[in-house]
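Please read the points below with the model open beside you. They go through it one topic at a time.

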Amino acid sequence: STSATVTGGTLVGLIGTDGANVTLAQTGLFASANAANGVSVAVTASISGAASGNYILVQPNPVTANITPKELTVTGTVVSNKVYDRTTAATVTAGTLDGVISADNGNIVLTRAGTFVTSGVGTAITIVMNNTITGTAAANYTLTQPTGVTANITTKALTITAGNVSSVYGSATSLGTSSFTQSGLISGDTI
């Protein structure tokens with residue numbers, strides 16, 4: 001909306017007791033509905049009252065004001081639990097913008113993103129949210145990240161298969177380092 005709330009105007013030049021008999025009313029329209037500093041405001045002022053006919057009102061232009069971005073939040077954030085993969089990558093599966101002006105619904109897009117604070121196995125691990133907004137109306141908003149979001153990292157299955165090693169009863173058997181194979185070990189981890 002381009003409607004502006006105009007406050008603080010006073011009449012200058014009233015004679016004697018006419019101040020009690022002249023009332024000032026003001027309305028305004030921003031030149032743009034977009035968030036910015038120093039936006040031009042077209043102010044329309046009028047006077048009324050018993051003594052108003054004795055005066056000519058000069059409009060108070062130019063006037064500027066700031067339009068600050070509207071704060072948005074994200075509700076219903078859900079992050080999927082995952083199997084250990086040695087990374088902090090998180091999959092955000094749900095979350096909806098809250099606070100978007102209805103006229104902007106088609107002009108702002110939420111991209112959900114987050115990371116685990118640790119890559120290790122655990123329950124209720126904190127997720128650091130890194131959501132972003134884009135679109136033609138995005139500059140008119142600020143985004144507050146959700147807090148208190150958690151998810152689990154569960155253990156990864158590791159399969160060890162022993163090689164065929166034989167030995168004579170009563171003698172020591174050495175498996176060495178190549179007498180088994182593994183599957184499921186993530187690169188960089190060791191057993």
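1. Is Gln26 buried, partly exposed or exposed? Gln26 counts as partly exposed, because its relative accessibility is 24%; buried means under 20% relative accessible area, exposed over 50%, and partly exposed in between, for a 1.4 Å probe and protein chains only. The residue lies in strand β2. Strands (E, at least two residues) are DSSP runs, as are helices (H or I, at least four), and they are numbered from the N terminus.

2. A word on the source. This is a predicted model, in which local features need pLDDT of at least 70 and side-chain atom pairs count only at pLDDT 80 or more, while totals for chains, interfaces and linings use all residues. Residues are numbered from 1 along each chain as its sequence is written, and side-chain values use heavy atoms, with hydrogens and water left out.

3. Gln26 and Thr44 are 18 residues apart in sequence, yet their C-alpha atoms are 5.7 Å apart in space. Not counting residues up to four places away in sequence, Gln26 touches Val6, Gly9, Val43, Thr44 and Ala45, where contact means heavy atoms within 4.5 Å. Ala25 is also placed in strand β2. From Ala25 to Ser46 there are 21 residues in sequence and 5.3 Å in space, C-alpha to C-alpha. Beyond four places in sequence, Ala25 touches Thr44, Ala45 and Ser46. Ala25 is partly exposed, because its relative accessible area is 40%.

4. Which residues make up the largest nonpolar core? There are twelve: Val79, Tyr84, Ala90, Val92, Phe116, Ile125, Ile127, Met129, Val149, Ala151, Ile153 and Ile186. A nonpolar core is a set of buried Ala, Val, Leu, Ile, Met, Phe, Trp, Tyr and Cys residues joined through side-chain atoms within 4.5 Å. β10 (122-129) and β13 (150-154) each supply at least two residues of this core, and β10 gives the most, with three. In soluble globular proteins, nonpolar side chains tend to be buried together.

5. Phe116 is one of the core residues. Setting aside residues up to four places away in sequence, Phe116 touches Ser80, Lys82, Thr88, Ala89, Ala90, Ile125, Thr126, Ile127, Ala151, Asn152 and Ile153. There is also a second, separate core of ten residues, including Val100, Ile108, Ala137 and Tyr141.

6. Two asparagines deserve a look. Asn131 lies in the loop between β10 and β11 (132-134) and is buried, because its relative accessible area is 5%. A polar atom of the Asn131 side chain lies 3.0 Å from the backbone nitrogen of Ala113. Contacts of Asn131, apart from neighbours within four places in sequence, are Val74, Leu110, Thr111, Arg112, Ala113, Leu143, Gln145 and Pro146.

7. Asn140 is in the loop between β11 and β12 (141-143). Asn140 counts as buried, because its relative accessibility is 14%. The side chains of Asn140 and Asn34 are joined by a polar contact of 3.0 Å; such a contact is a pair of N or O atoms within 3.5 Å, and within protein one must be able to donate a hydrogen and the other to accept it, with residues adjacent in sequence counted only if both atoms are side-chain atoms. Asn140 touches Asn34, Ala35, Pro69 and Lys70, not counting residues up to four places away in sequence.

8. Check the backbone at two places. Phi of Arg86 is near 70°, a positive value in a residue other than glycine. Arg86 is found in the loop between β6 (82-83) and β7 (92-98). Phi of Ala124, in a residue other than glycine, is also positive, near 50°. Ala124 lies in strand β10 and counts as partly exposed, because its relative accessibility is 48%.
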